[in-house]
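Biologist: Here's the model I want to go through. Can you take my questions as they come?

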Amino acid sequence: MTPPALTPAPLPRHLAIVLLLSVACLFAANHVAARLAFDDGTGLLLAIMARSSLALLVLGTLLAIKRTPLQLPAGSWPWQLGVGLLIALQSLFLYSAVARLPVAVALLLMNTFPILLALLTWALGGARPTLRATLIMAVILVGLVVVLDVPTWLADPAQMGDDWVAGVAFGIGAAAVFSCALWITDRRLARVSNTLRTFLTMGVVLLSMLVAGVAGLVPGGLALPASVSGWSGLTALALLYGIGFSMLFISLPRLNMARNAPVMNIEPVASLVLGYIVLGQMLGPTQLLGGAIVLGGIVVLGLSRRA
């Protein structure tokens, strides 16, 4: 009889916060590199395949070194496949948002996932959000209205352009599917080896993008960069994402995400700085105020929870 898997002990909070800050900055740099690649004609599917391939290589090496068998506990395969498909969708949605919006705005939308995760946990039998948490969520929504410049949409939709509307939809979709992936990982795959779970997730993402490319589901999805700038962006996004994603999902069971996830909301701030330096992107004063409201609200929401 196989003994039950032990639940890994959480990291000390200061170490968990440092790790999450590092991951957030890596992800921010990855998305800036992605926009650089997309602006040079790089296909969406090619970008996701590049980053997934590198992550898969790193994780496969770790599995080989540890001699970990590619075997899941009974009943885990459907959940593992589901997480892989959700991360594939999240990758597709988020890069689609990054290609259409300023990087910082796309990531602000993505980083509403702690709110969606809290609501999903409640809907599936977890703790109900308190009145305080509900009020903070309302403030965050007000901040999103400001940063997305909704009054301008209502006054003159044509001025914002079709790409803006689609980008917002993709950003919200990315947050929604990512929160689902985190819930499944925490509640249904806790007994699976961290490295193996992440390896299989990246494998499903890579195969999904390959099938989508061969089937022509995303026009121009496998297009190559047009110049050295695009190739540099493609290489950078693969390296940055592979390192960041591996750090996050390998450490996930020890990070107490319910309490510490808001730390990762430094990502839009880092992307704002990098987007300005690398891409020349800059938000207006009103949008910066809205972004500050969103970030502040999410951080307060997370840090107000009892561990």
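Predicted model: local features only at pLDDT ≥ 70, side-chain atom pairs only at ≥ 80, totals over all residues.

Biologist: Where does Arg67 lie?

Modeller: Arg67 is in the loop between H2 and helix H3 (77-100). Helices here are DSSP runs of H or I, at least four residues long, and strands are runs of E, at least two long, numbered from the N terminus. Residues are numbered from 1 along each chain as its sequence is written, and side-chain values use heavy atoms, with hydrogens and water left out.

Biologist: What is the phi of Arg67, positive or negative?

Modeller: Positive, about 55 degrees, although Arg67 is not a glycine. Most residues other than glycine have a negative phi.

Biologist: Is Arg67 buried or exposed?

Modeller: Exposed, at 75% relative accessible area. Buried means under 20%, exposed means over 50%, and partly exposed is in between, with a 1.4 Å probe and protein chains only.

Biologist: Which residue with positive phi follows H5?

Modeller: Gly125, with a phi near 105 degrees. As for helix H5 itself (residues 113-123), its buried residues are Phe113, Pro114, Ile115, Leu117, Ala118 and Thr121.

Biologist: Switching to packing. At what angle do H2 and H11 pack?

Modeller: About 50 degrees, with the axes 8 Å apart. That makes H2 oblique to H11. The axes are lines fitted to C-alpha atoms, for helices over the stretch in contact, and angles run from 0 to 180 degrees between N-to-C directions. Under 35 degrees counts as roughly parallel, over 145 as roughly antiparallel, 65 to 115 as roughly perpendicular, and the rest as oblique.

Biologist: Which residues of H2 and H11 make the contact?

Modeller: From H2, they include Leu46, Ala50, Leu54 and Leu62. From H11, they include Leu234, Leu237, Tyr241 and Ile250. Contact means heavy atoms within 4.5 Å. By class, the residues are 13 nonpolar, two polar and one charged. Ala, Val, Leu, Ile, Met, Phe, Trp, Tyr, Cys and Pro count as nonpolar, Asp, Glu, Lys and Arg as charged, and the others, Gly among them, as polar.

Biologist: And how do the axes of H1 and H11 cross?

Modeller: At roughly 155 degrees, coming within 8 Å. That makes H1 roughly antiparallel to H11. The H1 and H11 contact has 19 nonpolar, seven polar and no charged residues.

Biologist: New topic. How many salt bridges does a search of the whole structure find?

Modeller: Two. A salt bridge is a side-chain nitrogen of Lys or Arg within 4 Å of a carboxyl oxygen of Asp or Glu. One joins Asp39 and Arg35, at 3.1 Å, N to O. Another joins Arg187 and Asp186, at 3.4 Å, N to O. Arg187 is partly exposed, at 41%.

Biologist: Where do Asp39 and Arg35 lie?

Modeller: Both are in helix H1 (residues 13-39), four residues apart, about one turn of the helix. An α-helix has 3.6 residues a turn, so residues three or four places apart point the same way. Asp39 is exposed, at 54% relative accessibility. Arg35 is buried, at 15%.

Biologist: What does Asn260 touch?

Modeller: Arg13, Ala16, Ile17, Leu20 and Leu255, not counting residues up to four places away in sequence. Asn260 sits in helix H12 (residues 257-260) and is buried, at 2% relative accessibility. Asn260 and Arg13 are 247 residues apart in sequence, but 8.1 Å apart in space, C-alpha to C-alpha.

Biologist: Last one. Is Thr198 buried or exposed?

Modeller: Buried, at 0% relative accessible area. Thr198 is in helix H10 (residues 194-214). Apart from neighbours within four places in sequence, Thr198 is in contact with Leu59, Phe245, Phe249 and Ile250. Leu59 and Ile250 are also part of the contact of H2 with H11.
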